[in-house]
Amino acid sequence: MQRFILKNKRKITLVSAVLIIAAFTSHYAFHFEPVAKWALLIASIIGVAPIAIQAFQALRVKVVSIDVLVTIAVIGAFIIGNYEESAIVTFLFLFGDYLEQRTLNKTRSAIRELTEMAPESALKQMEDGSFEEVDIDEVGIGDILRVLTGAKVPVDGVVLFGEGHVNEASITGEPLPAGKTVGSQVFAGTILDNGTLHIEAQRVGEDTTFGRIIELVEEAQDKKSEAERFIDRFSKWYTPAVLVLGFVVWLITRNIELAITILVLGCPGALVIGVPVSNVAGIGNGARHGVLLKGSEVIHDFSRVDTMIFDKTGTLTQGAPKVAAVKLYTEDTSKTRSYLASVESQSDHPLARAIVEHLNETALYPVDQTDVVKGGGIVAMVDGKRVAVGNAALMNQEGVHLSEEAQKDIEQFEKEGNSLVLTSVDGQLQALVGIRDQLRPKVREDLAKLKKMGVKNLVLLSGDNQGTVDLVAKELGLTQAHGNMLPEDKAAFLMDLQSKGYIVAFVGDGVNDSPSLALAQIGIAMGSGTDVAIETSDVVLMNSDFSRLPHALGLTKATARNMKQNIVIAIGVVLVLLFSVFFSTWMNMSIGMLVHEGSILVVILNGMRLLRYKPNM
Amino acid sequence: MKKATLQLETLTCPSCLAKIEGALKGLDGIDKDTLNVSFNSSKVKVDFDDSKLAIEDIQQKISKLGYEVKKTTVK
């Protein structure tokens, strides 16, 4: 019976609407009172049934919910024979509930669309070599899967066979399809635009990048800020307080009408729903545009950021450095090149890789006793000689003498914005390599937007030499730039700014910058979508897309503003209602309920505006 | 101990959360500390002792309150 009533809440709402209309027609058009009275009576009874059941369930678990207030109010109206009020109030409450559900669904749609993109099935290779469609849960690591044109890639994996273009918008926000061939990485939830691929599953289900993004976003939309927890605690005491107030008013005035009107007016609906609604819409907008925001606390802090610290390599630059100039200080250049290539092929440092790629040497020597000097370079034995490859500090440590010519070259290279790699053989400087990293396109414009939005300090911290750093800072219009910084120096610099009262966001690629990402009020990771950075940071820019940063900042500002508006609307409405019940003659239960339900819809619709937010510049 | 995730119909009132939480906390075999009912995603996540409690009991408790359970996963 209980379940039947609750299940048919919508039908009850409709029937009660029809009854109320019938009652008013017979009252005003035909002056046929008995029909009007009975129609309203029935409408009240069927209308209050689902509300009363919910109220009872709430009381059983010691919660004084809004249903409790409304039920008491309706019963009160019934007792004093005001069937018109009881019928209209129950109808408005049920109808409001229906509209709330509809509109709430809309505000949540952005995130739901994301979760619904999760793949559900896959074409898996069976033991006999044929492909069969199986449920996604039956796919394990190492399985071979076939992906057809138009289908979703079911797992994270590597292409074994075939070619095609994949639309990766679901995880990177990038609308242009990416070409995939044998050996390419593919990601779950992306869509194969053309071609056929055979892939080997490397990560499945919740462990895929897409799975983790969904999990994160789902958690984010329900993560509560301090303010929200306060509202929750407040409303826990607020509803019982309204109940007590109504009772006290009745005791003093003996006016049931007034007492039950207070119960209806005091409903805190818009207050408890206003903030979560802004939150879910804001995070939903971000998820659609390649910005992951982890909860409303993050939104609040990010919107107030006045200082942003950037890492250089991979953040402001593309992170794929290329050799720009080479100087050799020796007769036998081919041997020096071979030595250098041999040592550098031992390392996967980005600079080393750039050098190996540039030299393109095939004749490599065996390398012995490799010693990696942290923050310096590599020292190793090659062809019976001691070869050191690294920065100026390493050369100093190796006791290498720098000739006047070399010193001049170094100065020149640094001025041009190169990172330096020096090579010494048996203590003699033999090669100087200058390596440069391309700036990301449009970084300058994006930084200007951030400044316009109120970020006062744009700081660059880098492990690179000061010359390179200064050059980048000048080109991009940064306010401060510091080079030669180790990860711990960056963290110390950040804490110093924080102690001076700045609200700091740190933007980095998340691998070597994890201490700073964790320390900053807001850690922003340039995620290619695969790193641990997704977990440790507060904000993730998908596909390492720097241009999302102004959108992210603008969005958090808009969302924070939206939350405040909703709180003001909610509190304002309750105050106005309570004020008018004591000081006006037109206020009654029905109008109170109408305004109350109206205010809930207003905060939801206000929150919904965030779904369409775009930075306007 | 097993981990259950239940997807419910859209929750509209924050007091629904308190109700569902209150009801599930009363079940024997529920790990109260892990119980998390989330409003926007309309999900219930909880660890439970499967020797004391069947997942059907949890589902039933919720649907008795009038909330439809759409999808359940247990791990």
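Which domains does the domain assignment of chain A give? It gives domain 1, covering 120–151 + 156–203, and domain 2, covering 322–436. The model on screen is a predicted one. Colour the two ranges separately; the C-alpha centres of domain 1 of chain A and domain 2 of chain A are 42 Å apart.

**The sheet**

Next, select the strands of the open sheet in chain A. Seven strands make it up, in the order β8-β20-β19-β18-β9-β16-β17, with mixed pairing. At the edges are β8 (291–293) and β17 (480–482) of chain A, each of which pairs on one side only. From one strand to the next, the twist averages 15 degrees.

Within this sheet, pick residues 522–526 and 539–541 of chain A. These are strands β19 and β20, which pair in the parallel sense over three bridges. Show I524(A) and look across to β20(A): the residue opposite is V539(A).

**A buried serine**

Now go to S462(A), in the loop between β16 (457–461) and α19 (466–476) of chain A. Is S462(A) buried or exposed? Its relative accessibility is 3%, so S462(A) counts as buried, the cut-off for buried being under 20%. Leaving aside residues up to four places away in sequence, S462(A) touches K312(A), V469(A), H482(A), G483(A), N484(A), M485(A) and K490(A).

**Two loop residues with positive phi**

Most residues other than glycine have a negative phi. Select R254(A), where phi is positive, near 55 degrees. R254(A) sits in the loop between α9 (226–253) and α10 (256–265) of chain A. With a relative accessible area of 56%, R254(A) is exposed.

Then select D426(A), whose phi is also positive, near 50 degrees. The loop holding D426(A) runs between β14 (419–425) and β15 (428–436) of chain A. D426(A) counts as partly exposed, at 47% relative accessibility.

**Where chain A meets chain B**

Finally, bring both chains into view. How many residues of chain A are in contact with chain B? There are 26, and they contact 22 residues of chain B. About 2,000 Å² is buried between chain A and chain B, and carbon and sulfur atoms give 50% of that area. Highlight R3(A), R108(A) and D222(A): they supply 26% of the area that chain A buries against chain B, more than any other three residues.

The count of salt bridges between chain A and chain B is one. To see a salt bridge, show the side chains of D67(A) and K19(B), which meet at 3.9 Å, N to O.

Conventions. Residues are numbered from 1 along each chain as its sequence is written. Chains are lettered from A and ligands numbered from 1 in the order in which they are written. This is a predicted model: local features need pLDDT of at least 70, side-chain atom pairs count only at pLDDT 80 or more; totals for chains, interfaces and linings use all residues. Side-chain values use heavy atoms; hydrogens and water are left out. Helices (H or I, at least four residues) and strands (E, at least two) are DSSP runs, numbered from the N terminus. Buried means under 20% relative accessible area, exposed over 50%, partly exposed in between (1.4 Å probe, protein chains only). Contact means heavy atoms within 4.5 Å. Domain bounds come from an automatic or database domain assignment. Two strands pair if DSSP finds at least two bridges between them. Axes are lines fitted to C-alpha atoms, for helices over the stretch in contact, and angles run from 0 to 180 degrees between N-to-C directions. Buried area is the accessible area (1.4 Å probe) that two parts lose on being put together, summed over both. A salt bridge is a side-chain nitrogen of Lys or Arg within 4 Å of a carboxyl oxygen of Asp or Glu.
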